[in-house]
Amino acid sequence: MSLSSRLPAILGLLWSATSLVAWSSNGCRPSTRWHSVAGVSLGLLALTRPSFLLWAVFAIGWVLRRSGWRRATLVGAIIAMVILPVT
């Protein structure tokens, strides 16, 4: 099995781990920086594995419930900015 056939799985694992670290690193007071990191990693994850776009929508809903609409809009906009140039 060549590296090019395993690359989407490896990148999917990398970006999902990065997004989980960003979500768990923000502690009691979530910061804009960690929401931005999570948005970029979720956008790249959705590019690598399109089925994770549903997870990105779920994550935006979770941010909306936990941190408010401004942070949820920030995460959604960053995900869209990452995906938009490719589409």
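## A partly exposed phenylalanine

At 33% relative accessibility, Phe 52 counts as partly exposed, a class between buried (under 20% relative accessible area) and exposed (over 50%), found with a 1.4 Å probe on protein chains only. Phe 52 sits in the loop that links helix 2 and helix 3. Its C-alpha lies 8.1 Å from that of Leu 42, ten residues away in sequence.

## Model and confidence

This is a predicted model, where local features need pLDDT of at least 70, side-chain atom pairs count only at pLDDT 80 or more, and totals for chains, interfaces and linings use all residues. Residues are numbered from 1 along each chain as its sequence is written, and side-chain values use heavy atoms, with hydrogens and water left out.

The pLDDT is the predictor's confidence in each residue, from 0 to 100. The protein chain averages 83. In that chain, 86% of the residues score at least 70. Helix 1 (residues 3–24) has the lowest mean pLDDT among the elements, 76. Helix 4 has the highest, 93. Where pLDDT is low, the predicted coordinates should not be read in detail.

## Overall fold

The protein chain has four helices and zero strands. Helices (H or I, at least four residues) and strands (E, at least two) are DSSP runs, numbered from the N terminus. The order from the N terminus is α-α-α-α. Of the 87 residues, 28% count as buried.

## The core

The largest nonpolar core holds ten residues, including Leu 42, Ala 59, Val 63 and Ile 79. Such a core is a set of buried Ala, Val, Leu, Ile, Met, Phe, Trp, Tyr and Cys residues joined through side-chain atoms within 4.5 Å. Helix 2 (32–48), helix 3 (53–67) and helix 4 (69–83) each give two or more residues to this core. Helix 4 gives the most, with four.

Helix 2 has 17 residues. At 1.5 Å a residue, helix 2 should span 24 Å, and its end C-alpha atoms are 24 Å apart, which agrees. The expected span is 1.5 Å times one less than the number of residues. Buried residues of helix 2 include His 35, Gly 39, Leu 42 and Thr 48.

## The surface patch

Leu 20, Phe 52, Trp 55 and Phe 58 make a nonpolar surface patch of about 400 Å². Patch residues have over 30% relative accessible area and no salt bridge, and nonpolar side chains (Val, Leu, Ile, Met, Phe, Trp, Tyr) are joined within 5 Å.

Trp 55 lies in helix 3. With a relative accessible area of 32%, Trp 55 is partly exposed. Trp 55 and Leu 42 are 13 residues apart in sequence, yet 8.3 Å apart in space, C-alpha to C-alpha.

How values were computed: Patches are made of residues with over 30% relative accessible area and no salt bridge: like charges are joined within 9 Å, nonpolar side chains (Val, Leu, Ile, Met, Phe, Trp, Tyr) within 5 Å. Accessible areas come from the Shrake-Rupley method with a 1.4 Å probe; for residues, only the protein chains shown count as cover. A salt bridge is a side-chain nitrogen of Lys or Arg within 4 Å of a carboxyl oxygen of Asp or Glu.
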